[in-house]
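Dear colleague,

I am handing over the structure we spoke about, together with some notes on what turned up when going through it. Please look at it alongside the text below.

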Amino acid sequence: MKNLRHPTSPPRRSPAKAIMPLLLAGLLAVGGALTFTGTAHAGTTLGASAAEKGRYFGAAVGTYKFSDSTYMSVLNREFNSVVAENEMKWDATEPQRGVFNYSGGDRIVSHARANGMIVRGHTLLWHAQQPGWAQGLSGSDLRNAAINHVTQVATHFRGQIYAWDVVNEAFADGNSGGRRDSNLQRTGNDWIEAAFRAARAADPGAKLCYNDYNTDGINPKSTGVYNMVRDFKARGVPIDCVGFQSHLGTSIPSDYQANLQRFADLGVDVQITELDVAQGANQAGIYAAVTRACLAVSRCTGITVWGVRDCDSWRSDNPLLFDCAGNKKPAYTAVLDTLNGGTNPNPTGNRLRNEGSGRCLDVTGASTANGTQMIIWDCHSGANQQFTQNGQALQVMGKCLDAPPNATPGTRVQIWDCWGGANQQWVFNGNATISNVQTGLCLDVNGAATANGSAVIVWTCHGGANQRWVRA
């Protein structure tokens, strides 16, 4: 694999990024893994086809491109996930200490919500693209500023981000397998752990990822990351996923899939976060190989390409799936064909089984009337237990799962005509709870009951078994 390295000072408003990277169509938590759901036919776009295989297919975007009609047409048609190229980084969101600017990130989130996409957050802490004031800090002052930054940004976007790259590129290149020397590292070796704990406290529903480059195969650097993740899992540090940037040249490591799998075996999701591949005779083959690897690893939840078209890339070797005119390249066809040839990780259906009761979320009497309330019942194959996701809406029998307006703890959950309001939007959290966007309350079996017909309500989130749901 070509060893790609980040430029030292990438421009914030450019798609260039130092070398290296809600509303989802079918996002569901399954024992810590995520699945998307879709119809059984072959998808005709990247996002639709990935959703049918329980995954997302996303792109890195910049608001400076939002006035480009070709760019936006491709983005809105093909992708069901976005990540900000630069708008959520430290220099963009906190240009002065304690003074926050979320305008760019909010604009991306708003666009995603309007187009049924999930949002990956990138990135809370990184040694690069720090604001000047932070570059001048050190020791406890920098540590306090960094943790405050994590807390403030994650709190602002709480409930709107599927997964955060909490820490980006903290490991050194080469064969040491150790940490990169940076101002953040010099605040103490526990800075990454502190960042993850702060992010979890600020947004309990977001997946928390570590992200890095040149970790695509089994090598000293990826093994260093692996050892950190294994330690975090053993000590209860909240880490849910690992991002593999996958800035590839003209080859792919032979152990690419095995590397993904060994991380997944630690109990974390894996995500391809910044994929791009040098144009050449094997570009399509490498894209297909990455896609096959993700499909083969059940905890690989999705793929993100770093940019939409070749001319939007930070690279000069035409590394993306569309040319500058928005035409699909052979690599696009290779990815789509690979996705459509994959298997659905959720072949048993779209039911949501409550862990506490062992019974499934059920529309009472299979009624389609507005206001019909939700219960739990023995799991079966009927349509009134089949919940598919469209953006952050959960649809069943042509209606949407709905928390009544002004719902408070204890309010019964119902179905209603789909209209896209926040009370019909649901977030699948890393601890298998499902929270309502409008209220922030969690889907709950009232009183932790286990009997058929027990009421399903919204309640203050606590993560108990009666609030945990898995696909069945």
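In which hand, left or right, does α6 pass α7? Before the answer, please keep in mind that this is a predicted model, and that everything below is computed from it.

**Two helices**

The crossing of α6 past α7 is right-handed. The residues that make this contact are R143, I147, V150, T151, A154 and T155 on the α6 side, and W191, A194, A195, A198, A199 and A202 on the α7 side. Sorted by class, the contact between α6 and α7 consists of nine nonpolar residues, two polar ones and one charged one. As for the geometry, helix α6 spans residues 139-156 and helix α7 spans residues 191-202, and their axes come within 8 Å of each other while crossing at roughly 30°. Since angles under 35 degrees count as roughly parallel, α6 and α7 are therefore roughly parallel to each other.

**Disulfides**

The structure contains five disulfides, and if the bonded cysteines of the protein chain are numbered in sequence order, they pair as 1-2, 3-4, 5-6, 7-8 and 9-10. Three of these links are described here in detail.

One of them is formed by C209 and C241, whose sulfur atoms lie 1.9 Å apart. The torsion about the S-S bond of C209 and C241 is about -85°, so this disulfide is left-handed. The pair links distant parts of the chain, with C209 in strand β7 (residues 207-212) and C241 in strand β8 (residues 241-244), 32 residues apart. Both C209 and C241 are buried.

Another disulfide joins C360 to C379, with an S to S distance of 2.0 Å, and with 95° about the S-S bond this link of C360 and C379 is right-handed. C360 belongs to strand β13 (residues 360-363), whereas C379 sits in the loop between β14 (374-377) and β15 (388-390), so the pair ties together parts that are 19 residues apart in sequence. C360 has a relative accessible area of 0% and is buried, while C379, at 31% relative accessibility, counts as partly exposed.

A further disulfide joins C442 to C461, where the S to S distance is 2.1 Å. Its torsion about the S-S bond is about 100°, so the disulfide of C442 and C461 is right-handed. Here too distant parts of the chain are linked, since C442 lies in strand β21 (residues 442-445) and C461 in the loop between β22 (456-459) and β23 (469-471), 19 residues apart. C442 counts as buried at 0% relative accessibility, whereas C461, at 36%, counts as partly exposed.

Two other cysteines may be worth a look for their accessibility: C311 is partly exposed, with a relative accessible area of 36%, and C324 counts as partly exposed at 40% relative accessibility.

**A serine in a helix**

Finally, what surrounds S222, once its neighbours within four places in sequence are left aside? The residues in contact with S222 are then T215, G217, N259, R262 and F263. S222 itself is placed in helix α8, which covers residues 220-235, and with a relative accessible area of 0% S222 is buried.

Conventions. Residues numbered from 1 in each chain as written. Predicted model: local features only at pLDDT ≥ 70, side-chain atom pairs only at ≥ 80, totals over all residues. Heavy atoms only, no water. Axes fitted to C-alpha atoms, helices over the stretch in contact; angles between N-to-C directions. Helix = DSSP H or I, 4+ residues; strand = E, 2+ residues; numbered from the N terminus. Parallel < 35°, antiparallel > 145°, perpendicular 65-115°, else oblique. Left-handed = near helix turned anticlockwise from the far one by under 90°. Contact = heavy atoms within 4.5 Å. Nonpolar A, V, L, I, M, F, W, Y, C, P; charged D, E, K, R; others polar. Disulfide = S-S within 2.5 Å. Buried < 20%, exposed > 50% of the residue type's maximum accessible area, 1.4 Å probe, protein only.
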